[in-house]
Amino acid sequence: MLTRIITGVVGIALAACVIQTGGLLFALAALLLAILAWVEYVKAFRQKGEHLTFLLGMVGLVGLWGSAWLGLAEAQTAVVTLVVLTIFLETVLLHDKVSFPAAALSAAGVMYLGLPFAHLVSLRGMGAELPAIVTSLGNFEPGCALVWIMFIGTWSSDSFAYFVGSAIGKHKLCPSISPNKTIEGALGAVVGTTAMTMALGVLFGFPLHLMAVLGILIAVFGTLGDLVESVAKRHTGIKDSGNIIPGHGGVWDRFDSVLFTAPVVYYFTILAGLLAR
């Protein structure tokens, strides 16, 4: 437990530095996390005897990241199309090495991991042309504020689900997938995350009714993201995706919810006109 706490404190400090700095540092950090998660993903399915297209998957991740960093959202479609079709083409050209299931898992992994981390980069860059948001804690770039809302909301969802579930949880949410998750914990996550995002809305000057909706979305999709990885781990027979983060497992373990919440916050910001107010 001590190792977990120390690692968590150090991780939060590093995350704060990277988020506040933004720019190329943030983008490179997102790329590194995407690559590490991809390595863990490939190793996990290797346990089931599936040899994924590791290098081509890396090309896809870098291509999606580069499109986001350069602000070329439309290029992401081209990258996904080219990489996915090439992966499946390998089942013909390298049919003795690349099976169709391995190609399907590889293509899915590129999109499942590459697109959310690309959206994380795009989220940090949102509103770069707008004035800084002035708060009692200092000035924040709009994209920086959005990333904080996403991360704090996601962490709050995990924390409230754990503590409420541990205290009063009795009814299992998805016992066949994640036996420890409870309905009470999930409801606690929704209430707690909504309250947290509304508090951040007060800090950053965003409409409270929109922040309440966003809080609910973060809690729901964060839980779903966690369950998706749980399904994958049960299928592959692994307990943790890795051990690169002492006491916390792997990158995939720590960012499974973010894979869902980062795109949710990104598109919600656009559709709700959060930065246009």
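Colleague: Which helix is Asp 253 found in?
Modeller: Asp 253 is found in helix H9. Keep in mind that this is a predicted model.

Colleague: Is Asp 253 buried or exposed?
Modeller: Buried. Its relative accessible area is 5%. The cut-off for buried is under 20%, so Asp 253 qualifies.

Colleague: And how far apart are Asp 253 and Val 9 in space?
Modeller: They are 17 Å apart, C-alpha to C-alpha. In sequence, 244 residues separate them.

Colleague: Which side chain meets Asp 253 in a salt bridge?
Modeller: That of Lys 233. The N to O distance is 3.2 Å. The pair links distant parts of the chain, 20 residues apart, with Asp 253 in helix H9 (residues 251-255) and Lys 233 in helix H8.

Colleague: Lys 233 carries a charge. Does it count as buried or exposed?
Modeller: Lys 233 counts as buried, at 15% relative accessibility.

Colleague: How many salt bridges are there by this rule?
Modeller: Five. One of them joins Lys 181 and Asp 226, with the closest N and O atoms 3.1 Å apart.

Colleague: Why does that pair tie parts together?
Modeller: Because Lys 181 lies in strand S4 (residues 178-182) and Asp 226 lies in helix H8 (residues 208-236). Those parts are 45 residues apart in sequence. Asp 226 counts as buried, at 17% relative accessibility.

Colleague: What about Asp 240 and Lys 239?
Modeller: Asp 240 forms a salt bridge with Lys 239, and here the closest N and O atoms are 4.0 Å apart. Asp 240 counts as partly exposed, at 37% relative accessibility. Lys 239 is exposed, with a relative accessible area of 70%.

Colleague: New topic: empty space. How do you look for it?
Modeller: You roll a probe the size of a water molecule over the atoms and see where empty space is left.

Colleague: What lines the largest cavity?
Modeller: Ala 30, Leu 31, Ala 34, Leu 61, Trp 65, Gly 114, Phe 117 and Ala 118. Helices H2, H3 and H5 each give two or more residues to that lining.

Colleague: How does that lining divide by class?
Modeller: Seven residues are nonpolar, one is polar and none is charged.

Colleague: Let's go to the surface. Which residues form a nonpolar patch there?
Modeller: Leu 24, Leu 28, Trp 69, Leu 70 and Leu 72. Together they have about 470 Å² of accessible area.

Colleague: Where does Leu 24 lie?
Modeller: In helix H2. Leu 24 is partly exposed, with a relative accessible area of 44%.

Colleague: Two quick ones to finish. Where does Phe 54 lie?
Modeller: In helix H3. Phe 54 is partly exposed, with a relative accessible area of 30%. Between Phe 54 and Thr 7 there are 29 Å in space, C-alpha to C-alpha, and the two are 47 residues apart in sequence.

Colleague: And Thr 194, buried or exposed?
Modeller: Thr 194 counts as buried, at 12% relative accessibility. You'll find Thr 194 in helix H7 (residues 183-204).

Note on methods. Residues are numbered from 1 along each chain as its sequence is written. This is a predicted model: local features need pLDDT of at least 70, side-chain atom pairs count only at pLDDT 80 or more; totals for chains, interfaces and linings use all residues. Side-chain values use heavy atoms; hydrogens and water are left out. Patches are made of residues with over 30% relative accessible area and no salt bridge: like charges are joined within 9 Å, nonpolar side chains (Val, Leu, Ile, Met, Phe, Trp, Tyr) within 5 Å. Accessible areas come from the Shrake-Rupley method with a 1.4 Å probe; for residues, only the protein chains shown count as cover. Helices (H or I, at least four residues) and strands (E, at least two) are DSSP runs, numbered from the N terminus. Buried means under 20% relative accessible area, exposed over 50%, partly exposed in between (1.4 Å probe, protein chains only). On a 1 Å grid over the protein atoms alone, a cavity is a set of points where a 1.4 Å probe fits but cannot get out, and a pocket is an open set with protein on both sides within 12 Å along at least five of seven lines; lining residues have an atom within 4 Å of a point. Ala, Val, Leu, Ile, Met, Phe, Trp, Tyr, Cys and Pro count as nonpolar, Asp, Glu, Lys and Arg as charged, and the others, Gly among them, as polar.
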